[in-house]
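Subject: Handing over the model, with notes

Dear colleague,

I am passing this structure on to you, and my notes on it follow below. Please read them alongside the sequence and the model.

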Amino acid sequence: MNDVRLGLSLARERLRGTTAPLVLLLSCATLFAIGVLERQTDAASAPDDALGGAAYGIALPLLAYLVSERVCSSERLQRSADSLARYGTDRRAAMLGLLLASASCTAVVGVLLSVATLLGAHGLHSKALGADLRTCVGIGLIAGAVYALYFGAASLLGKRGGGRKWALIIDFVLGAGSSALAAPWPRGHVRNLLGGEPVLALSQASAWLALALIGVACVISSLLKTPE
Amino acid sequence: MSELRFEALNHVELVNVDATFSAGMHVVLGSERDGTGTLIALAAGMLDPARGRVLLDGIAPCSDARSRGRIASLFATETLLPAPDVARSLALSLRARGDARSALSILDNAGLTRFAKQRVSPLTAREARAIALCVALSQTEPALLALHEPLSVTDILQEEFVLRTLSERGAAGAIVLCTASRLQDATRLGGNTSALERGSWLGPGQARPPLSNITLRVHTTEPRRLAARLSEAPDISGVEWAGGQELLVHGRELDSLAHSVVANARAEAIRITALKQDAPPLEALAAARAGLAQAYYERARGERPQQ
């Protein structure tokens with residue numbers, strides 16, 4: 001347990017600095033602006049369009065990718081805790097700490113992005129704002145966490161964790177569809193939760209489950225591939 | 001008593017390294033290009049060997065966290081753990097090691113207190129190595145100290161402190177495995193010396209053979225007559241003639257051998273059309289280089305003032 005905490009501390013130190021909050025602030029501001037623009041075009045579909053397109057379609061995967069890159073210190077996931085492992089820390093436990101930190105950080109990012117987008121798309125006095133916020137907090141939390149775990153597991157591949165880049169591209173390309181090819185990637189299931197086209201005609205309840213399964217599979221593969 | 005063993009180790013530069021180390025000081029002469037950096041990283045359990053095994057008391061440190069916890073290390077390139085300042089970076093290292101002491105006391109003991117409040121990122125590579133060495137030397141009961149060029153940072157960390165601590169650790173039963181690219185450093189570290197030559201391991205016994213045999217290829221129009229003449233010359237150890245116009249002439253020293261061949265040919269009025277040295281095998285060159293290094297090392301050691 002102490003080694004997991006050490007991994008969390010390492011991740012916190014790696015994320016420390018002004019760059020991460022600045023990027024998050026800029027992203028939120030951009031999404032707010034996009035929400036406002038969407039509202040001016042078509043107020044009824046603005047929240048769905050802004051959330052499904054800019055927020056969860058582009059911003060969240062990109063930010064999750066950047067967080068993962070930073071937490072892993074641009075290394076392979078197995079090697080990302082080596083700076084602690086040299087002192088006798090269990091690599092697996094420390095790596096789990098890194099993944100936990102990355103997942104919780106990206107989950108919060110998901111929530112903040114949703115809030116900024118909805119504030120722009122609805123306006124402060126909209127009656128639907130409260131209900132949409134409640135729904136999107138849950139979706140933001142799970143989507144953020146699953147994306148972080150997904151990029152973490154992808155960092156197992158490649159010389160310096162280059163699998164992350166491929167994971168981003170594959171999620172963009174294959175996840176955009178609704179066939180069986182889209183099933184292993186988070187994008188299609190997140191879209192389903194937001195009311196978009198489902199993958200393999202799955203229900204929204206199944207989409208929650210599918211995301212949870214992707215997250216669990218990523219954690220298990222990360223643990224199996226990392227030596228003590 | 002601890003034991004570190006490399007078994008048929010092959011990894012990047014290292015070729016089939018077999019060696020065993022027990023408690024005390026061991027110095028490996030060689031540069032990073034020869035594989036010393038890789039050797040230390042493997043010994044410290046930070047790399048999984050491509051082939052072969054690294055065992056500390058029978059356990060591979062690469063896949064055993066507890067075993068790694070008994071190793072203090074200094075690598076060729078060091079990056080301190082991320083933190084706002086050096087003291088907090090060290091505090092995280094000490095926490096990972098399960099060491100309750102404060103970072104300040106560790107730095108103070110090594111005379112590096114001035115770094116405590118400095119930011120980590122602007123540190124130079126040498127400063128980062130000096131601080132990493134300070135952390136390695138502060139480990140109380142290590143089974144192994146695997147240190148890459150520990151005396152290369154003595155302008156930052158006092159040499160006397162480094163040598164004294166290493167000596168204490170060795171006397172307490174730890175294996176102290178250091179690398180040195182300079183003979184002077186190896187001399188100051190003392191202990192058993194071996195060498196790495198382009199990835200090949202040269203134990204103390206192997207580091208000696210000189211480049212003792214020189215072969216000249218002599219082209220002449222009258223090889224039979226010249227061979228007969230040269231076979232009687234005292235400074236020529238052998239002559240080979242396979243039937244063509246080329247003779248292989250063996251001896252010990254290049255200058256005297258060439259001089260003898262020319263003098264004998266001139267005396268018999270035999271024309272030599274070409275004369276060149278036969279390239280020695282690479283193994284002989286490597287062994288000669290290591291032998292030379294060993295000779296320099298021993299001479300430097302003999303000149304070391306008694307303490």
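**Strands, cavity, cysteines and backbone**

In chain B, Val218 (B:Val218) stands opposite B:Leu275, which lies in strand β13(B). This is a predicted model, in which local features need pLDDT of at least 70 and side-chain atom pairs count only at pLDDT 80 or more, whereas totals for chains, interfaces and linings use all residues. Residues are numbered from 1 along each chain as its sequence is written, chains are lettered from A and ligands numbered from 1 in the order in which they are written, and side-chain values use heavy atoms, with hydrogens and water left out.

The strand β10 of chain B (residues 214-220) is joined to β13(B) by five bridges, and the two run antiparallel; strands here are DSSP runs of E with at least two residues, helices are runs of H or I with at least four, both numbered from the N terminus, and two strands pair if DSSP finds at least two bridges between them. Both strands belong to an open sheet of four strands in chain B, in the order β11-β12-β10-β13, with antiparallel pairing. Its edge strands, each pairing on one side only, are β11 (238-241) and β13 (272-277) of chain B. From one strand to the next the twist averages 20 degrees, where axes are lines fitted to C-alpha atoms (for helices over the stretch in contact) and angles run from 0 to 180 degrees between N-to-C directions.

Strand β1 of chain B (residues 4-11) pairs in the antiparallel sense with β2 of chain B (residues 14-21) over five bridges, and B:His11 has B:Leu14 as its bridge partner in β2(B). β1(B) is also joined by five bridges to β4 of chain B (residues 51-56), again running antiparallel, with B:Arg5 opposite B:Leu55.

β1(B) and β2(B) form a hairpin with two residues between them, and B:Val12 in the turn has a positive phi of about 45 degrees. Most residues other than glycine have a negative phi. B:Val12 is exposed, with a relative accessible area of 69% (buried means under 20%, exposed over 50%, partly exposed in between, with a 1.4 Å probe and protein chains only). A:Ser73, which is not a glycine either, has a positive phi of about 55 degrees; this residue is found in the loop between α3 (46-71) and α4 (82-85) of chain A, and is partly exposed at 36% relative accessibility.

The structure holds one cavity of 30 Å³ or more, and the largest cavity has about 50 Å³ of space. A cavity is a set of points on a 1 Å grid over the protein atoms alone where a 1.4 Å probe fits but cannot get out, and lining residues have an atom within 4 Å of a point; points are joined across faces, edges and corners, and the volume is the space filled by probe spheres set on them. The lining includes A:Arg86 and A:Tyr87 as well as B:Arg97 and B:Gln139, while β5(B) gives the most to it, with three residues.

The count of disulfides over all chains is zero, a disulfide being a pair of cysteine sulfur atoms within 2.5 Å. B:Cys134 is in no disulfide, as the nearest cysteine sulfur, that of B:Cys178, is 16 Å away, which is too far for a bond. B:Cys134 is buried at 2% relative accessibility, and B:Cys178 is buried at 0%.

With best wishes

Note on methods: On a 1 Å grid over the protein atoms alone, a cavity is a set of points where a 1.4 Å probe fits but cannot get out, and a pocket is an open set with protein on both sides within 12 Å along at least five of seven lines; lining residues have an atom within 4 Å of a point.
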